[in-house]
Amino acid sequence: FWMRVSVREALEEEGLMQQACSVQLLRPLRSRRPESCPKSGGSLVTGRPCYLWGSRGLSGLKCSVLCCQLPQSASVAHLEEEDKYSCMDCSTSHLHVQSVRNFPIEKLHGEVVLVRLDSELLCDPLGPSSLSLERTLSTIKYLYKAGAKVLLVTSWVPVLQSVNPVLKSTETFADYISSLLQVKVVPVNGVPGLASFKPEKWMQNGIILFENLLNFKGENANCSDFSQKLASGAAIFVNDSFSLSHKMLASTVGITRFCHASLAGFHFEEELMQLRKITDTTRRPYIAIIGGSNFLRKAPALKLLASLCDGLFFVGKLSFQIMNGFGMPVPSCFLEKNVTKEVLQLIKIAHNRNIPIYYPTDIWCLNNKNNNHEKLEILDSAELLSGWTPADIGPSTLEKISSLIPLYKKVLWTGPTGYDLTEEFSVGTAQLGRILDKAIRSSCDVILVGRAACKAVKGIPESSSKYTALTNASVVWEFLKGRTLPGIAALDKSYPYQIPWNAVFSDPEQPLVVDFGSGNGLFLFQMARNWEGSNFLGLEMNAKLVIRCLRDVTSVDKRNLYFVSTNATSTFRSIVSSYPGHLTLVTIQCPNPDFNKEQNRWRMVRRMLVEAIADLLQTNGKVYLQSDVESVLLGMKEQFMTYGKGRLVVDGDASAGGGGGQMENPFGVASDWERHVLARGAPMYRTMLRKV
């Protein structure tokens, strides 16, 4: 159940608050139970039904504040909007992942690392000149040179085996990868994983390639048992197959439950950065050229683009839906069913933002009644009749695009310009590619999405390489729809900002105390009052609690106390490693038992966190563990003793209860949940660890 607590009253009770603070804190009784983040992202803004509108709108997505990291002088009223370090859109927070680049290289030595590759990228027809291929090979080489035992897994559809001889078998593919890496790659058939692999054979080989994953039903089903077999023996998982991010597969999602670290490879990391560029509106004006079909399926994404961009140009089958929305005559055979409402909503978005929507003025067509199917004719798009089959956009339309592009500083192109006829009738795509190549040379930011757009520009002799290319359009459309991409969400998270410690603390050189799951902050407020010679940092997943705690920090003018909204289990290292002083104490109190079960991938205390704490904690620094559930405390203690690798020992006579009795609270300051437990007469279980 829920209980309303006044932070002001609680702090005044502790003698901490000298001035009134009207902020009311709504929290669950067990404050460390995470609360779901509120949905965020900019509201969609809208446009009027006409061919061209004058001034361009300047709207964009507004971030929803998850943590307010502001200088002390900032007013409380602006805590949620001012500082760039405080803004993090909840809808895209899962895009900030840990990568191989930022993972401690020394921790790779001797570890078994499983790498998920993209076979299509490895067999890129452009060969070794492909930057994407180079990045993928760099991931493997980096891990291999760091001393890791590298396992490779990938998949390819059987039809490609007849087209590309490299994919004929695991053996031929292994030989091909060996030639690219200049390192021996050993093929292994059968169920992937080290369970059935002989250790002596493993020691003789540096890199192993397992059989095509599509040969196993558990891959597409994201089967837990298959995922566990796949991960058997592997401590670290590296995903370098960005094109599968929108799918839930055993080799991209399920496997992360059984590896202590799940990271992005160099290619994955780069593709993710490029994906984020689509919604980046710092370069304006920004126009999107959108081709293809399936308006209804893409409607949420199209509305988002209408709220981001300063102009939309529709080509392909999508243009017919737009033309119909503007009241132009379009043969019914070219219209999708049940899309009128979505089309009108999109037009309204553009109308409200006063941005232009363009569509083809002329179209190359085939006359169905003419026996000569090789002859194309140009028709005005407003006079298109039944009996004609659209082939591609006409010269007048291309001329219009060519005159528009120089007016924009950023261009997104996704989808073909044609209408599903054979490639011999598709001339507009190639010509549009040349127009955009010219724009790239004029310092225009160009983003290409989908095979048609990428091929059109890449196929130009001596084309510029200064563009962003995302070949898998499905990933982009899912992202623009606002959906969480499973392959990205499964990876470990990183904190995306550098905390300005000088602005946060009056003296950033003071010893640092970090509290995990700081909840409503009452424990840290009292600690900060009692020990003014130390700095205190609360890490809490619940964004609302963090915002309220930061308001209270401003109200009581505490310059040795701060809070950050984050999943500290995976971001602790990236946050604390930049702190200029020493880490002297870490407290983990009363984590939710439901999130600390062994099978829970996101339980708080895991190997990744333990190793980070052991690395960053100063010698003789301490780790304080506490829970009202004895099994939870013993589980946390076991994790620290196992993965601390001898660097952490039980401090003095501290014990976790049981035969040795309960250890007393060493600080004289009780957390809110601790008070609740003790008030009902139940015991608390505690232990203190020390770094040696």
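User: What makes Leu312 a residue with contacts, and which residues does Leu312 touch?

Analyst: Contact means heavy atoms within 4.5 Å. In this predicted model, Leu312 touches Ile287, Ala288, Ile290, Leu305, Ala306, Leu346, Pro356, Ile357 and Tyr358, leaving out residues up to four places away in sequence. Leu312 and Ile278 are also the residues with the most contacts inside the largest nonpolar core, which has 102 residues.

User: How do you know where this core lies?

Analyst: Look at who supplies it. Domain 1 (100-270) and domain 2 (280-460) both give residues to this core, so the core lies between them. Apart from it there's another core, of 56 residues, with Val553, Tyr579, Leu633 and Phe640 among them.

User: Why is strand β18 called largely enclosed?

Analyst: Buried means under 20% relative accessible area. In β18 (residues 512-516), 5 of the 5 residues are buried, so the rest of the structure largely encloses this strand. Leu512, Val514 and Phe516 point one way, while Val513 and Asp515 point the other way.

User: What makes β18 and β19 a pair?

Analyst: Two strands pair if DSSP finds at least two bridges between them. β18 and β19 (residues 535-540) have 5 bridges, in the parallel sense, and Val513 sits opposite Phe536 of β19. β18 also pairs in the parallel sense with β21 (residues 583-589), over 5 bridges; there, Val513 stands opposite Leu585.

Methods. Residues are numbered from 1 along each chain as its sequence is written. This is a predicted model: local features need pLDDT of at least 70, side-chain atom pairs count only at pLDDT 80 or more; totals for chains, interfaces and linings use all residues. Side-chain values use heavy atoms; hydrogens and water are left out. A nonpolar core is a set of buried Ala, Val, Leu, Ile, Met, Phe, Trp, Tyr and Cys residues joined through side-chain atoms within 4.5 Å. Buried means under 20% relative accessible area, exposed over 50%, partly exposed in between (1.4 Å probe, protein chains only). Domain bounds come from an automatic or database domain assignment. Helices (H or I, at least four residues) and strands (E, at least two) are DSSP runs, numbered from the N terminus.
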